[in-house]
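I opened my notebook and went through this structure one step at a time. Here is what I looked up, in the order I looked.

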Amino acid sequence: MLNLYREKTYPPRCPFCRAEVAKPAELAGGMWYEFEGGICRCGAVFAHDPTARNGGAVLLQALVQCCHGDWDEALSLAPEVDYDEGFVGHYNSLTHRLESQAFGTLVFIRRRSQP
Ligand SMILES: [Zn+2]
């Protein structure tokens with residue numbers, strides 16, 4: 001493929017520990033997991049919003065992921081008390097790189113106190 005302008009791109013990194021994260025994948029263990037996601041080695045979970053229009057739903061899914069599928073627990077958590085949020089924008093899921101033209105977002109959640 002001819003590519004006249006070679007943009008410098010970067011792999012996505014966890015906003016909490018700066019480790020490179022794996023490509024989001026289909027999540028097992030819940031039919032309602034609508035978005036692809038994954039987990040960082042530091043314990044943060046993430047979900048991929050491919051359109052940047054699903055923000056609330058993706059955030060909620062990430063919360064439930066970090067509660068191992070427990071909706072009640074997820075809904076009882078308070079931001080900046082029980083967990084921290086992080087957002088990595090300009091994510092291209094096809095190349096698994098951050099690119100200025102890309103408009104996907106990775107939504108990260110990390111619990112402050114692991115049970
Ligand atoms: Zn991490």
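**Entry 1: the metal site.** I started with the angles around the zinc ion in this predicted model. The four donor atoms subtend angles of 99 to 114° at the zinc ion, so the arrangement is tetrahedral. I noted the cut-off for that word: four donors count as tetrahedral if all angles lie between 85 and 135 degrees.

Which atoms are the donors of the zinc ion? I found the SG atoms of Cys 14, Cys 17, Cys 40 and Cys 42, at 2.3 Å. Along the chain, these donors follow the spacing C-x2-C-x22-C-x1-C. I then looked at one pair, Cys 17 and Cys 42, which links distant parts of the chain, 25 residues apart. Cys 17 sits in the segment before β1 (37-39), while Cys 42 is in the loop between β1 and β2 (45-49).

**Entry 2: the whole chain.** I stepped back and counted the elements: two helices and five strands. Read from the N terminus, their order is β-β-α-α-β-β-β. The radius of gyration is 15 Å, close to the 13 Å that the globule rule gives for 115 residues, so the chain is as compact as a globular protein of that length. The C-alpha atoms fill a box of roughly 50 × 30 × 20 Å along the principal axes.

I also checked burial and found that 39% of the 115 residues count as buried. For contacts with a separation of 6 or more, residues 24 or more positions apart account for 55%.

**Entry 3: the sheet.** In what order do the five strands lie in the sheet? I traced β1-β2-β5-β3-β4, an open sheet with antiparallel pairing. Its edge strands are β1 and β4, since each pairs on one side only.

Next I followed strand β3 (residues 83-92). Seven bridges join β3 to β5 (residues 104-111), and the two run antiparallel. One example I marked is Gly 86, whose bridge partner in β5 is Phe 108. Two bridges join β3 to β4 (residues 97-98), again antiparallel. Here Tyr 91 has Leu 98 as its bridge partner, and Asn 92 stands opposite Arg 97.

The hairpin of β3 and β4 has four residues between the strands, and His 96 takes a positive phi near 55° there.

**Entry 4: helix α1.** I finished with α1, which covers residues 55-66 and has 12 residues. From its first C-alpha to its last it reaches 17 Å, close to the 16 Å expected at 1.5 Å a residue.

Which residues of α1 are buried? My list is Val 58, Leu 59, Gln 61, Ala 62, Leu 63, Val 64, Gln 65 and Cys 66. The elements that cover these buried residues include β1, β2, α2 (71-76), β3 and β5. After α1 comes His 68, whose phi is positive, near 55°.

How values were computed. Residues numbered from 1 in each chain as written. Predicted model: local features only at pLDDT ≥ 70, side-chain atom pairs only at ≥ 80, totals over all residues. Heavy atoms only, no water. Donors = N, O, S within 2.8 Å, 3.2 Å for Na, K, Ca; no water. Tetrahedral: all angles 85-135°; square planar, octahedral: opposite > 155°, others 65-115°. Pairing = 2+ DSSP bridges. Expected span 1.5 Å × (residues − 1). Buried < 20%, exposed > 50% of the residue type's maximum accessible area, 1.4 Å probe, protein only. Contact = heavy atoms within 4.5 Å. Rg over C-alpha atoms; globule rule 2.2 N^0.38 Å.
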